[in-house]
Every structure is written in C-alpha cells, then in structure tokens.
Amino acid sequence: MVDRDLLTTICNTIPETHRPLTEALQGAARYTISKPNLSLKKANLALSIIVRDLYAKDMNKDGTKSELRTLLNNKNFIEKIKPRRMYLLMNLIQKMSSMNANELIDTKVAQMVLDYLIDVTDWYIHNLSKGEKLTKDALLEVGNLPTTSSNEPFDLATQDYEDAAKWFLVAAQEGNSSAQYNLGVLYNHGKGVKRNYKEAAKWYTLAANQHDTNAQYALGVLYQLGNGVEQDEQKAVELYELAATAGNPDAQYNLGSLYNQGKGVPQNFKEAAKWYELAIAQGNTSAMNNLGFLYHNGQGVAQDYTKSAELFLQAANAGDASAQYNLGYLHSKGRGVKQSFGEAACWFLSAAMQQHTSAQFQLALLYKAGQGVAQNEEEAIKWLTLAANHGHTNAQYSLGLIYKQQPSKIANTQAIEWLLKAAANEHISANFDLGMLYIETGHRETGSKWLKRAAIHNHVQAQLQLGLLALGDEQNLPNYQEAFKWFRAATTQNDAEAEYQLGLLYEKGLGTKTNYDEARHCYRLAAEQGHVSAQYQLGNIFDKGLGTKQDFIEAFKWISLAAKKEHSKAQFQLAQMYANGEGIAQDYQEAAKWYRLAAQQGHNKAKFQLGMLYKKGLGVAQDYQEATRWLKQAIEQHS
C-alpha cells in the first residue's frame with residue numbers, strides 16, 4: 001500500500017529546517033509493522049507539526065493552548081487550508097494510539113494512516129516557501145512523544161500465561177470464583193493452556209454458580225455459539241439475564257440482541273430497546289449502534305431518524321466502526337441529518353480505516369462518482385480492493401466491472417479474477433458480466449455456461465442473451481427451440497426485446513408452431529414499452545391481416561410510431577400508406593417525405609418510389625433529373 005519510493009523522495013525533499021517532521025515521518029514508516037502503536041504516535045506528531053505550523057503562519061495567532069481538533073474547527077483556518085483529511089487522520093490516529101494497553105493495533109491501520117500522511121506531507125512541503133522555517137508552535141509536542149520502551153503494547157509472555165494458569169488452577173480448586181472465571185478465560189482463548197472450550201465451560205459454570213456476573217456472561221456466549229457445550233440459545237438467554245440484571249453491560253447488550261433477533265426468546269423489539277438502554281448507560285457503544293437501528297426502523301420505539309443519528313454519532317465518536325458506517329449512510333440519505341456526501345465520506349473513511357468492509361465499499365463509490373470527495377478512480381480501486389480482499393461481494397463485482405472497461409490484457413485478466421470471485425459468492429450479475437466478457441473475447445462456450453448460471457436465477461439480460469446466442473451466427477447454427485425457451489423465460493419479467501424476439505419466432509414458426517395471435521400479443525407488449533421494431537411488426541400484422549382482420553387504421557398507428565423513430569422499413573411502409581390512402585387520406589406530399597427519409601437510410605424500394613414520384617410530379621415538382629438520380633441509385637443498389 002505504502003509507496004516507498006514516494007516516501008523516500010518526500011523525506012529527501014523536506015528542508016533541513018523541518019527536520020522534526022522528517023524524523024516523525026520516518027518513524028511512522030519504520031514502525032508500521034514491528035510497532036504499529038508507536039507508528040501511529042509518530043504519525044500523530046507529524047500531523048501536529050504540520051497543523052500547528054500552518055495555524056501559526058496563516059492565522060498569526062498563538063494556538064499552543066488549543067487542541068489540534070479545536071484548531072481544525074476554526075472556520076477561518078479551514079478556509080485557508082484543506083484540513084479535512086488531516087482532521088480525520090488525527091482523530092483516527094489519536095483513537096488508535098489511546099487504545100487499551102493489551103489491545104493489538106492492526107499493522108494495516110498503521111500502514112493506511114502512513115499512506116495518507118505521505119499525501120498530506122507532500123501537499124504541505126510543496127506549499128513551503130524557500131528558506132521558510134518551522135514556528136515554535138509546531139514543536140509544541142515534539143518532546144512529549146513516549147519512547148519506544150515506554151510505549152510497548154502490554155501483553156503477557158507465553159511463560160507468564162502458563163504461570164498464571166497454574167496459580168489460577170490452585171485458587172479455582174479451592175473455590176475462588178474469580179480464579180475459576182479467569183481460568184475459564186485462559187482455556188477459552190488458549191492462553192497459557194491449549195484452547196479447550198469444554199474446560200472453559202466447566203470453570204465458567206463453577207464461577208457462574210457463585211453469581212460471578214462475568215462468568216455468567218461468558219458462559220452464555222458459549223451456549224449461544226455452541227462452543228464446549230451443546231448450543232442452547234434459551235440457556236444463553238437465562239445466563240445473560242442473570243448477568244444483565246446484576247448490571248453486566250455486555251450481557252445487557254447480548255440479551256438485547258437476542259430479543260432483537262428473536263433467538264432463544266420471542267422477538268420483542270421493545271424488550272431489546274430496554275436492555276440496549278441499560279447497556280448504553282454503561283457506555284456500551286454496540287448497544288448505542290443497535291438502538292440507533294431500532295429508532296431508524298421504528299421497531300420497539302417510535303421511528304425517529306434524528307434520535308437514530310444522535311445514537312450513531314455518540315457511538316461513532318467513541319470509535320465504533322459500525323456506527324461510523326451507519327452515520328455515513330444517514331448523511332448520504334439525509335435522514336435525521338442534513339444530506340451531505342462530504343460528511344458521509346468522512347464517516348465512511350473513519351469506519352473504513354477500521355477494516356469495515358461495507359464502509360470501504362461505500363467510500364469507493366463516492367470516489368468513483370465524485371460525491372463528497374474529488375472524483376478519483378485510483379482511490380476507488382484502492383478501497384474496493386481492500387473490501388474485496390475481505391470477501392465483500394459487491395466490491396469484487398464492482399472491481400470486475402471497472403477492469404472490464406479498461407482495454408488491456410492485464411485489465412481483462414483482473415476483471416475475470418474479480419468477477420469469478422463475486423460469482424463464486426453467488427453474485428448473479430457477476431455471472432452475467434463474466435459470461436459476456438468471455439463471449440466478447442471469443443470464448444462462447446465458457447461464456448454461455450456463466451450466462452446460464454445467471455439465467456436460472458432469473459437474470460433477465462442473461463436469459464435474453466442466451467436466446468440471441470441460440471439464434472446462431474456465421475459460425476454457429478441456430479437452435480430455435482433453445483432460443484424460444486430463453487426468450488419466453490425473459491418475457492416473464494416483461495423484457496421488451498425478449499417479447500419482440502418471441503413474437504418473431506411465433507410469426508415465423510421457428511422453434512414453435514406459427515401462431516399469429518401469440519405473435520401479435522408479444523409485439524403489442526413490446527410496442528407499448530416503446531420497442532421500435534415491435535411497433536413496426538405489430539403494424540405490419542394489421543396491415544397484412546395476419547391472424548386478425550386487416551385494419552389499416554391500427555396498422556397506421558403503430559407504423560407511424562416506428563417511422564418517427566427512424567425505422568427505415570416503417571418509414572417506407574408509412575409512405576406506401578400515404579401513397580395508397582390506406583389508414584389515412586391519400587397524400588403524395590407526405591408519401592414523398594417518408595420515402596425520402598427511408599431512402600436516405602439506404603432503403604432501396606424507397607429510392608425507386610421517390611424516383612417515380614419525381615418522374616410523375618406527384619407530391620413533388622416534376623423533375624426528370626432528380627427522378628433519374630434516385631432511380632439510378634435504386635438500380636445500382638439492387639444490382
């Protein structure tokens with residue numbers, strides 16, 4: 001992800017006067033893998049240097065007593081720089097660097113932050129004047145960065161866990177409920193002992209019987225999942241209720257979720273909302289997020305988008321990725337908040353940086369459309385790839401479509417790769433696009449296989465394409481029965497082209513018996529949807545009286561519709577009707593007009609008839625030279 005060449009170039013470009021920035025940036029890069037927590041702190045320092053330097057110079061004010069967040073909320077400052085990306089990064093970095101000491105920071109997060117930090121630094125140094133120095137304000141936090149040794153994530157070594165397990169066992173066997181619970185935790189997670197859910201359940205049970213609420217909650221999780229015990233959601237509910245009533249926030253949240261989903265208990269949104277409220281009172285952000293959903297959908301509570309947005313915001317500010325995604329969604333739709341794609345992009349980015357795949361996907365869509373952010377297909381591909389690599393089916397499909405549109409062998413290979421992955425995840429449209437891609441590149445048999453996978457799931461375009469393929473071409477003989485089957489399948493979804501093609505088969509007796517009534521019915525359904533060729537064919541049916549009483553007025557109605565949409569055969573037929581007074585009063589001037597339009601599209605008979613009108617002076621001034629020109633064109637084209 002990180003462009004090391006660009007990083008090197010930028011570090012070499014930073015002036016010596018800005019040495020602290022160089023060191024912070026290099027530190028952020030150096031520790032992304034080995035010490036991601038320290039990498040984020042270094043990145044935070046680099047951002048502090050940039051923001052405080054810009055503020056001191058552009059605002060000519062002392063900002064040393066203000067938090068970075070406060071500086072970036074200054075409207076006048078915002079107008080002078082483009083701080084939104086820096087503001088987002090700062091929030092994310094600060095959140096990540098203040099995680100509990102025993103939580104591991106994903107190296108991908110540190111690498112992603114570094115990627116954006118490089119972009120911000122590149123922008124910053126290109127706006128520096130020659131000889132410009134750092135302000136004192138910019139150096140405010142340089143001396144406050146923890147050393148590597150004081151910043152190591154706390155984590156017990158394997159030996160420490162093994163020793164802890166021995167001491168917990170001694171105390172647990174003597175009946176100490178806390179030791180029983182902790183020993184259960186070690187077995188549950190395989191720390192210091194081999195992971196064993198049965199042993200975990202055994203020790204949790206002993207502690208739970210002594211009213212240890214943490215053990216009741218943990219044992220409930222095992223029953224809910226069926227780990228180490230036979231899955232029993234009703235038993236999980238009982239255990240969660242014991243712990244929840246005693247005030248355990250995780251149990252309150254899980255109990256609310258079971259009521260929400262109707263698992264182990266009858267579905268009851270009102271009861272779910274009650275338990276979520278209790279968990280929220282103790283700061284459970286997942287409960288905030290889920291209660292926000294209930295308010296959004298009006299389940300168990302009165303529907304209130306504003307309340308929903310408030311709950312999502314509360315959880316989002318606490319770092320809950322799902323809430324950040326949901327808040328982004330509300331901003332994109334304008335529900336409970338003012339519609340703002342810019343705000344949506346901010347919240348999607350916050351969640352995306354925490355590996356929320358749906359947020360990564362939505363952020364990619366905004367970059368592709370240029371909504372709330374500058375249009376940038378490269379950024380779109382970057383976020384789609386992250387989501388796709390984590391199994392997000394729509395992201396895999398979208399990547400396939402993007403690469404499909406790029407005219408190169410490499411892009412073609414990538415398109416197939418991603419469409420295959422999406423198709424394997426039962427994405428119906430991916431099957432269709434994959435089939436079309438194979439057919440377009442000359443692999444008809446393989447393409448047909450993928451089209452059929454989509455067609456049997458009622459993908460109407462796949463059904464239509466299979467019907468068209470079955471009509472044959474220069475290299476393949478037609479299979480009209482197969483064509484009839486797929487066209488008829490597509491007509492169940494009122495596809496106009498399929499109705500038209502099925503009408504042709506009925507009219508010509510191909511793949512089925514000739515049936516003018518069915519042909520007329522199919523043509524009408526397509527014609528009423530504006531299908532030009534179907535309008536012509538329907539008019540032709542009435543013009544010739546095929547399977548119905550000859551009706552020139554009805555024929556004129558449909559043929560004129562098609563003629564006005566530049567259907568050359570319809571234009572010629574309409575001219576004939578005007579010339580012969582069929583369905584309309586005879587009018588050679590109108591006949592000449594429509595003959596001319598058809599002739600200009602290369603219709604041979606129209607050229608001949610227009611020539612004859614010039615020869616006889618019907619509807620046009622008699623002109624032998626013009627007559628000869630059109631008649632000659634008709635003869636040459638015919639020969």
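**Cores, cysteines and one tyrosine**

C346 is buried, with a relative accessible area of 6%; buried means under 20% relative accessible area, exposed over 50% and partly exposed in between, with a 1.4 Å probe and protein chains only. C11 is buried too, at 10%. The structure holds zero disulfides (pairs of cysteine sulfur atoms within 2.5 Å).

The model is predicted, with local features needing pLDDT of at least 70 and side-chain atom pairs pLDDT 80 or more, while totals for chains, interfaces and linings use all residues. Residues are numbered from 1 along each chain as its sequence is written, and side-chain values use heavy atoms, leaving out hydrogens and water.

The largest nonpolar core has 75 residues (buried Ala, Val, Leu, Ile, Met, Phe, Trp, Tyr and Cys joined through side-chain atoms within 4.5 Å). Helix α3, residues 36–59, gives the most to this core, with eleven residues (helices are DSSP runs of H or I, at least four residues, numbered from the N terminus). L25 is among the residues with the most contacts inside the core, as are L117 and W383. Beyond its neighbours within four places in sequence, L25 is in contact (heavy atoms within 4.5 Å) with residues including C11, A46 and L117. A second, separate core of 53 residues includes A165, W203, Y295 and L327.

Y588 is found in helix α32, residues 588–599. At 29% relative accessibility, Y588 is partly exposed. Not counting residues up to four places away in sequence, Y588 touches A579, L613, L618 and G619. The C-alpha atoms of Y588 and Q261 are separated by 74 Å, and the two residues lie 327 residues apart along the chain.

Conventions:
Helix = DSSP H or I, 4+ residues; strand = E, 2+ residues; numbered from the N terminus.
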